Amino acid sequence: MEVARATLSRLPGFVQYLALAVLIEQAGQALSSENLQMPNFLHELPSSVLFSNDTGNSQLVCQAYGGPQMIIQWILKDGSLVSSVPGLRQALPNGTLYFPPFAGHLFRTDVHDTTYRCRISYSYYVLLSHDIRVRAVVRQPYEVKVESTDVTLGNTAFLKCFVSSHVREFVHVSSWFGEKEMLLPGRSDIGTRYVVTTPGGELCIRNVNEEDRLKRFSCVTVDTLTGERKTSEAILLTMKGTPFP
């Protein structure tokens with residue numbers, strides 16, 4: 001094939017197209033004579049993978065059809081083959097790239113924050129997947145608390161669930177509590193006074209009354225990578241001109 005490419009490069013443009021067409025036809029005939037099938041991916045691969053270091057267990061599975069002699073490999077952006085890194089990355093013979101849980105201090109950019117591609121080789125054909133961005137997040141402590149502003153009776157109060165900036169990408173508000181009453185995003189109570197906005201997750205309390213002044217409000221967040229839930233400390237509404245009990 002390298003000789004053919006070198007020969008093609010020295011030919012005029014139109015002749016190159018003709019010669020290339022002949023080569024493709026010959027390759028197709030070779031496949032037909034060997035009863036081979038062009039390889040293709042069995043499943044669509046994701047464009048990105050995000051996981052937490054303490055849960056790990058993330059994997060990329062590259063499967064294809066086309067014949068028993070296919071070679072499935074993972075490559076990096078520079079075209080080099082992906083190899084196993086003990087305790088951090090396993091390149092398995094079945095086309096699976098596995099990322100186990102790891103300690104935060106073992107984070108490696110070339111393993112946990114880089115781009116991968118799957119390559120299928122079969123007879124005369126080589127098939128490459130699209131780029132897949134893999135990113136591991138090293139877990140760190142974070143804070144969840146309710147922020148509120150002063151409100152006057154009869155007006156609307158807005159309560160915001162504050163989440164530390166370094167985890168906002170994957171820690172989201174799942175619900176609010178007004179005392180023991182659960183308030184869910186996109187849903188309102190019968191009186192339509194309590195509304196949890198989406199996608200921001202703010203709690204909107206319409207037509208604030210004396211009962212609201214006695215309730216303690218808290219928000220609940222969920223870490224979409226680990227499933228961890230956190231509940232903020234409950235607060236009372238601060239009302240102008242209205243003394244607390």
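A polar contact is a pair of N or O atoms within 3.5 Å, where, within protein, one atom must be able to donate a hydrogen and the other to accept it. In this predicted model, the side chains of Asp113 and Arg133 make such a contact at 2.4 Å.

**Asp113**
- Asp113 lies in strand β8, which covers residues 113-122, and with a relative accessibility of 27% this residue counts as partly exposed.
- Apart from residues up to four places away in sequence, Asp113 touches Phe107, Arg108, Arg133, Val134 and Arg135.
- Although 23 residues separate Asp113 from Ala136 in sequence, their C-alpha atoms are 6.4 Å apart in space.

**Arg193**
- Arg193 sits in the loop between β14 (181-183) and β15 (194-196), and because its relative accessibility is 17%, Arg193 counts as buried, the cut-off being under 20%.
- The side chain of Arg193 forms a polar contact of 2.8 Å with the side chain of Asp212, and the Arg193 side chain also reaches the backbone oxygen of Asn207 at 3.2 Å.
- Beyond its neighbours within four places in sequence, Arg193 is in contact with residues including Cys204, Ile205, Arg206 and Val208.

**The sheet β3-β7-β6**
- Three strands, in the order β3-β7-β6, form an open sheet with antiparallel pairing, and its edge strands, β3 (58-61) and β6 (90-91), each pair on one side only.
- Strands β6 and β7 (residues 96-99) pair in the antiparallel sense over two bridges, and Leu97 in β7 is the bridge partner of Ala91.

Definitions and conventions: Residues are numbered from 1 along each chain as its sequence is written. This is a predicted model: local features need pLDDT of at least 70, side-chain atom pairs count only at pLDDT 80 or more; totals for chains, interfaces and linings use all residues. Side-chain values use heavy atoms; hydrogens and water are left out. Two strands pair if DSSP finds at least two bridges between them. Helices (H or I, at least four residues) and strands (E, at least two) are DSSP runs, numbered from the N terminus. Buried means under 20% relative accessible area, exposed over 50%, partly exposed in between (1.4 Å probe, protein chains only). Contact means heavy atoms within 4.5 Å.
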